[in-house]
Amino acid sequence: MSYMFTISPTQRKAIQILSYYVLPILLAVSAVTWVTDSVFVLLGQAALLAVTANLFIKPVSVIYPHPLFALALTFRRELGVASFWMYLFHAMGMFLGRGLSLDMVYNPQGFIIWGAVASMGMWILGLTSNNLSQRLLKRNWKKVQMVAYAVLPIASFHASKAEGEYAKFILITGSFIILKTIQYVITQKRMVKPAA
Ligand code: HEM
């Protein structure tokens with residue numbers, strides 16, 4: 001039996017409203033009412049998970065074409081914006097909640113500096129994830145979005161360094177490189193036209 005994975009324009013709009021507007025409002029209200037330090041840490045994990053999933057969708061859908069992945073591909077902006085909000089509240093919660101100083105952030109031996117570097121990428125991605133930026137940047141828009149390729153290893157390095165062990169960094173970055181390599185080989189093969 002084959003299943004169709006479709007979504008109506010209304011459902012899509014609802015998902016967009018949730019990720020663009022409802023999520024940040026919920027996070028802001030939660031942040032000032034009940035959220036504790038450990039929840040802000042959890043938001044960092046959720047942000048990293050969302051960034052990772054977002055970058056894995058493309059290679060996975062090329063390696064294993066499936067209607068579900070094809071549908072997921074069309075939601076990368078929504079997932080990206082959601083990851084931006086989660087990162088933002090993670091960083092703000094850590095920074096304000098723990099009273100971090102800029103000295104701690106810029107300490108090159110520390111792990112927060114890696115979070116700060118990844119943040120710059122998150123802002124670039126967040127600010128350009130809209131139709132206006134896409135129109136203005138035209139062909140360069142795709143190149144700008146490739147900043148995500150840097151955010152993934154840097155943010156996972158930040159997380160690993162914070163946890164004091166590098167499993168997360170090695171696993172995430174390693175599997176991304178492997179998936180991208182397989183994607184590249186497959187697309188190259190598909191592009192090769194049979195000799196006339
Ligand atoms: C200026 C920006 C940032 C600041 C100030 C910051 C701060 C912190 C701090 C203080 C911790 C340690 C939490 C703990 O005690 O366990 C942490 C952990 C973490 N951060 Fe960030 N972070 C920033 C950016 C980011 C970004 C961009 C991401 C991902 C997209 C991220 C994801 C994580 C993750 C996954 C952890 C590990 C949580 C754990 O399991 O312990 N952070 N961050």
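**A residue in a loop**

Author: Lys138 sits in the loop between α7 (131-137) and α8 (140-145). Helices here are DSSP runs of H or I with at least four residues, strands are runs of E with at least two, and both are numbered from the N terminus. Residues are numbered from 1 along each chain as its sequence is written. This is a predicted model, in which local features need pLDDT of at least 70 and side-chain atom pairs count only at pLDDT 80 or more, while totals for chains, interfaces and linings use all residues.

Reader: Is Lys138 buried or exposed?

Author: Lys138 is exposed, because 8 other C-beta atoms lie within 10 Å. A residue is buried if 20 or more other C-beta atoms lie within 10 Å of its own, exposed if 12 or fewer, and partly exposed in between, with C-beta atoms placed from the backbone.

Reader: What about the phi of Lys138?

Author: Lys138 is not a glycine, yet its phi is positive, about 45 degrees.

Reader: Ok, the whole chain now. How many helices and strands?

Author: The chain has 10 helices and zero strands. Its C-alpha trace spans about 65 × 40 × 40 Å along the principal axes.

Reader: And what percentage is buried?

Author: Of the 196 residues in the chain, 23% are buried. As for contacts with a separation of 6 or more, 70% are between residues 24 or more positions apart. Two residues are in contact if their C-beta atoms, placed from the backbone, lie within 7 Å.

Reader: Next topic, the ligand. How many residues surround it?

Author: The ligand is surrounded by 23 residues, and the closest are Gly44, Ala91, Met94, Gly115 and Ala159.

Reader: How do α2 and α4 cross?

Author: Their axes come within 8 Å and cross at roughly 155 degrees. Axes are lines fitted to C-alpha atoms, for helices over the stretch in contact, and angles run from 0 to 180 degrees between N-to-C directions. That makes α2 roughly antiparallel to α4. Angles under 35 degrees count as roughly parallel, over 145 as roughly antiparallel, 65 to 115 as roughly perpendicular and the rest as oblique.

Reader: Which residues make the contact?

Author: Among them are Asp37, Phe40 and Gly44 of α2, and Met94 and Gly97 of α4. By class, this contact has 14 nonpolar, seven polar and two charged residues.

Reader: Gly97 is in there. What else does Gly97 touch?

Author: Apart from neighbours within four places in sequence, Gly97 is in contact with Asp37 and Phe40. Gly97 counts as partly exposed because it has 15 C-beta neighbours inside 10 Å.

Reader: And how do α1 and α4 run?

Author: The axes of helix α1 (residues 9-33) and α4 come within 9 Å and cross at roughly 10 degrees. The two helices are therefore roughly parallel to each other. The contact includes Leu23 and Leu27 of α1 and Trp85 and Phe89 of α4.

Reader: Last one, α9 and α10. At what angle do they cross?

Author: The axes of α9 and helix α10 (residues 167-191) cross at roughly 160 degrees and come within 8 Å. They are therefore roughly antiparallel to each other. Ser156 and Ala159 are among the α9 residues in the contact, and Ile172 is among those of α10.

Notes:
A residue is near a molecule or strand if its C-beta atom, placed from the backbone, lies within 6 Å of it. Ala, Val, Leu, Ile, Met, Phe, Trp, Tyr, Cys and Pro count as nonpolar, Asp, Glu, Lys and Arg as charged, and the others, Gly among them, as polar.
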